[in-house]
Structure formats: C-alpha cells, structure tokens
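Please look over the sequence and the 3D structure below. The report that follows walks through the fold, the ligand site and some local backbone features.

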Amino acid sequence: MFPGIGGEEIRGLSGAIVVRRVLWVKGKIVKNIGVVVNGALGRMGQEVTRAVAREAELKLVGAVDKEVFQQSLPLADVSYIVPLSDDIDSLLEQCAPDVLVDFTNAEVCLATARIAAKRHINLVIGTTGIAEESVAEIAEMCRTYKIGAMIAPNFSLGAALLIHLSQIAARFFDCAEILEMHHNRKIDAPSGTSIATAKAMLQAHGKPFTYPDLGEEVVRGTRGGQLGGIAIHSQRLPGFMAGQEVVFSEMGETLKLRHEAISRECYMPGVVLAIKEVVKHQELIYGLDALLALE
Ligand code: NAD
C-alpha cells in the first residue's frame, strides 16, 4: 500500500482493512487528515464543518448528528458529498476518519469517544462539562488504543491567553473572582473555561484564595459558586455569546482581565490546530494552551 510513503493499515471492527489517510514523510503530513464532526448540525458543529472544509490539509469525510433528515451535509464550497448520519458507528466504519471532532454534550461525547477510540480514531473534544472521571477515562483510551486526544474547554486564542495571564496574576493576589457570561441556551454552569481558569489559578497560587465570609446570603446564590476560594458567577443572557472576566484584588487595588468572543469563528484556528496536532500524539492533551508554547 502506498509504496515509498508508508501508509498505516488498521483493521476496522467489521474486519475490513481501513486505510488511514495520515501519511508521513520525514515527519511531515503529506496527505489530508480525514475528519468526521459529531454534533455537525449544532451551532459549533456547523462552524467546524465549514472550517474543516476550507482547510487544505484537512478533509471533511463525514458528519453526525441526532435525528438527521438527509443523507449528506449541505455545504457551500464543497464539491464532493459529505455523508451525514445519526448512526456514528456505521458512519465511522464507512468513512474511516483520522480524527473525530465532538461538539455535542458531555454524555454523548463520552459515549462517542468510547466508540471512536475502539476504532483507533484520534479525538478532538470541544464539548464542555466533561467530568474528571471521564477525562481520566479518555486518557486511558489513549494508552489502550494508542491514539491522541485533545480536550479543550475553550478553543479561542484570547481565552487561552486569559487563562495564562490569570495564572501569572494568581501568584501575586490573594483574592479573586470570576464572572463568566454566555448565551442563554448554554446548558452547563459554570462554564468549562471558568473551571479551567480557576484550577490554573489555584495551581499557580499554591493554596486556596481568601474568600470573604459574609455570613448570611439574603438572596440565595448571590455570591455565586466557589472553587478553592474563588467565587464564580455565571450570567446567561440572549445578548451574549461567550466571555469571561477575572478580577484580582488586594487592599486598595483591583486588576481585571477580560475576554469576549463575539463570533464562533474565534474558535476555528484552535480547532484546526488541534486536529493537525492530535494525529502526532498518543496521549491526552488538555487545553489549547498546551499547543501554544506559552511561557
Ligand atoms: P448545540 O446545542 O448548538 O449543538 C449540539 C449538537 O449536538 C446539536 O446539533 C445536537 O443535535 C447534537 N447532538 C445531541 N445529541 C447527539 C447525539 N446523540 N449524537 C449526535 N449529535 C448529537 O450546542 P453548541 O453551542 O454547538 O455547543 C456544543 C458544545 O460545545 C457544548 O458543550 C458547548 O459548551 C461547547 N462549546 C465549546 C467551545 C470550545 O471552544 N471548546 C466553544 C463553544 C461551545
């Protein structure tokens, strides 16, 4: 197969030989990376299918969503047919992608990861609200099936930098709160990004932050949730897309770091980078910052 280039052959679950598209010559990818998007008809899924279709090194080979009413994905600028199905297992058998991208919900995502991993398909997961046990299970899948997986609660560059800068500030301030704002159809709270930010800040701070104990909360929940002394407040309003403000404070001063995503396009460079990188790994990579060489 592919004499002189060295393609990789694996056996699909049905026993048929599946040819993986990623081919390497001197450490460089020389053929398209085949991608299937799960949750393809959702807000993020639609953006991702368009971004993958535009990218020269990638090929959108299939799409999955629940309750689909047509057999192919209508996509402008794509001259070939992209199969669309609500049966992920048979679609993966048919399309044999190198990477499965998931933007669904936490429950579906884990079930999907189990199906894809058994087929030795690398994973890029943007779905948020994934429990720590599920993250650990996905890391184990990487070891068992020798695949790469990337989980990033936020694929935007600005958000990755916000987390990084918050980590730096966390070394110097003892009080901090996070205000995160999202559209009103977001199903999980607080956001995966705010949790990741708080955890990164706690790691840099080395101990819990000081949380002012005010005694009684006259209206329950007014002080938000709390992670290691960092109060997290979630706003859900139709006018927002996604944003986050981290406020640090010491006596007599505050420092505010704020990021706002104004369109879902901001996530696409991160998703595309993750797809290109994940095929080079056989482990779980957590967070876009891991790919950005931030110091
Ligand atoms: P959405 O509701 O618009 O899309 C979810 C899609 O998943 C829908 O089309 C739905 O039909 C589909 N789906 C549900 N069950 C399914 C199943 N069993 N099989 C296949 N498809 C199924 O939501 P969204 O706004 O696109 O967000 C999706 C996820 O991505 C959420 O967890 C959200 O928090 C997350 N998100 C992550 C980032 C990031 O940068 N990592 C950015 C934005 C949103």
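## Helices on the five-stranded sheet

Helix H6 (residues 192–205) lies across S11, S12, strand S13 (230–236) and S14. H6 runs at about 165 degrees to S11. Here, helices (H or I, at least four residues) and strands (E, at least two) are DSSP runs, numbered from the N terminus. Axes are lines fitted to C-alpha atoms, for helices over the stretch in contact, and angles run from 0 to 180 degrees between N-to-C directions. Two residues are in contact if their C-beta atoms, placed from the backbone, lie within 7 Å. This is a predicted model: local features need pLDDT of at least 70, side-chain atom pairs count only at pLDDT 80 or more, and totals for chains, interfaces and linings use all residues. Residues are numbered from 1 along each chain as its sequence is written.

The sheet is open and has 5 strands, in the order S12-S13-S11-S14-S15, with mixed pairing. Two strands pair if DSSP finds at least two bridges between them. Strand S12 (225–227) and strand S15 (253–261) are the edge strands, and each pairs on one side only. On average, neighbouring strands of this sheet are turned by 20 degrees against each other, direction ignored. Helix H5 (residues 157–170) also packs on the sheet. H5 touches strand S11 (175–182), S14 and S15, and its direction makes about 165 degrees with that of S15.

## The S14–S15 hairpin

Strand S14 (residues 242–250) pairs with S15 in the antiparallel sense, over 9 bridges. Gln244 has His259 of S15 as its bridge partner. The hairpin of S14 and S15 has 2 residues between the strands. Gly252 in this hairpin takes a positive phi near 80 degrees.

## The parallel sheet

A second open sheet holds 7 strands, in the order S7-S6-S5-S8-S9-S10-S16. Its pairing is parallel. The edge strands are S7 and S16, each pairing on one side only. Strand S9 (residues 122–125) and strand S10 (residues 149–151) run parallel and are joined by 3 bridges. Ile125 stands opposite Ile151 in S10.

## Helices H3 and H4

Two packed helices are described by the angle between their axes and the distance between the axes. Helix H3 (residues 106–118) and helix H4 (residues 132–145) pack at an angle of about 5 degrees, with their axes 10 Å apart. H3 and H4 are therefore roughly parallel to each other; angles under 35 degrees count as roughly parallel, over 145 as roughly antiparallel, 65 to 115 as roughly perpendicular and the rest as oblique.

Leu110, Ala113, Ala117 and Lys118 of H3 make the contact with Ser134, Ile138, Met141 and Tyr145 of H4. By class, these residues divide into 6 nonpolar, 1 polar and 1 charged. Ala, Val, Leu, Ile, Met, Phe, Trp, Tyr, Cys and Pro count as nonpolar, Asp, Glu, Lys and Arg as charged, and the others, Gly among them, as polar.

## The ligand shell

Which residues are closest to the ligand? They are Gly39, Gly42, Arg43, Met44 and Gly126, out of 24 residues that surround the ligand. A residue is near a molecule or strand if its C-beta atom, placed from the backbone, lies within 6 Å of it. Helix H1 (residues 43–54) gives the largest share of the shell, 3 residues. The shell has 9 nonpolar, 11 polar and 4 charged residues.

## Backbone exceptions

Most residues other than glycine have a negative phi, and most peptide bonds are trans. A cis peptide bond joins Ala189 and Pro190, with omega about -5 degrees. Pro190 lies in the loop between S11 and H6.

Glu67 has a positive phi near 50 degrees and is not a glycine. Its place is the loop between strand S6 (58–64) and strand S7 (84–85). Glu67 counts as exposed because it has 6 C-beta neighbours inside 10 Å. A residue is buried if 20 or more other C-beta atoms lie within 10 Å of its own, exposed if 12 or fewer, and partly exposed in between; C-beta atoms are placed from the backbone. Ala293 has a positive phi of about 50 degrees. Ala293 lies in the segment after strand S16 (284–286) and is exposed, with 6 other C-beta atoms within 10 Å.

## The whole chain

The chain has 7 helices and 16 strands. Buried residues make up 39% of its 295 residues.
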